[in-house]
Amino acid sequence: MFAAYTALAGLAFKSVAWLAAVAGATLFIVGLVVAFVCIDTVNRALMSRPQPRYVRRFATVACLFWALITPVFLGAAGFVWGLG
């Protein structure tokens with residue numbers, strides 16, 4: 001899997017580097033914003049009234065997932081879109 005992304009990144013820097021880099025960076029930033037909005041919404045809901053322990057644990061896992069996965073996936077999609 002890493003070899004495929006490495007090949008795509010290498011192709012991006014050789015042929016259409018500016019379009020793939022701009023699309024990847026833009027969608028990475030969009031992913032950061034989306035993750036921040038999701039995490040902020042969850043935190044506001046958790047702080048508005050006491051929640052059970054299982055809800056807090058699930059919210060923590062969901063926030064971790066959004067923060068780590070969303071920007072990376074959107075950035076990779078931007079590279080693929082820029083190469084396309």
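A nonpolar surface patch of about 790 Å² is what I want to show you. Phe28, Ile29, Leu32, Val33, Phe36, Val37, Val72 and Phe73 make it. The model is predicted: local features need pLDDT of at least 70, side-chain atom pairs count only at pLDDT 80 or more, and totals for chains, interfaces and linings use all residues. Residues are numbered from 1 along each chain as its sequence is written, and side-chain values use heavy atoms, with hydrogens and water left out.

On terms. Patch residues have over 30% relative accessible area and no salt bridge; like charges are joined within 9 Å, nonpolar side chains (Val, Leu, Ile, Met, Phe, Trp, Tyr) within 5 Å. A salt bridge puts a side-chain nitrogen of Lys or Arg within 4 Å of a carboxyl oxygen of Asp or Glu. Areas are Shrake-Rupley, 1.4 Å probe, and for residues only the protein chains shown count as cover.

Which helices supply the patch? H2 (17–48) and H3 (53–83) each give at least two residues. H2 gives the most, with 6 residues. Helices here are DSSP runs of H or I, at least four residues, numbered from the N terminus.

Take one residue from each. Isoleucine 29 is in H2. Its relative accessibility is 51%, so it counts as exposed; the cut-off is over 50%, with buried under 20% and partly exposed in between. Phenylalanine 73 sits in H3. At 53%, phenylalanine 73 is exposed too.

Now the packing. The axes of H2 and H3 lie 6 Å apart, at an angle of about 165°. The pair is therefore roughly antiparallel, a label for angles over 145 degrees.

Notes. Buried < 20%, exposed > 50% of the residue type's maximum accessible area, 1.4 Å probe, protein only. Axes fitted to C-alpha atoms, helices over the stretch in contact; angles between N-to-C directions. Parallel < 35°, antiparallel > 145°, perpendicular 65-115°, else oblique.
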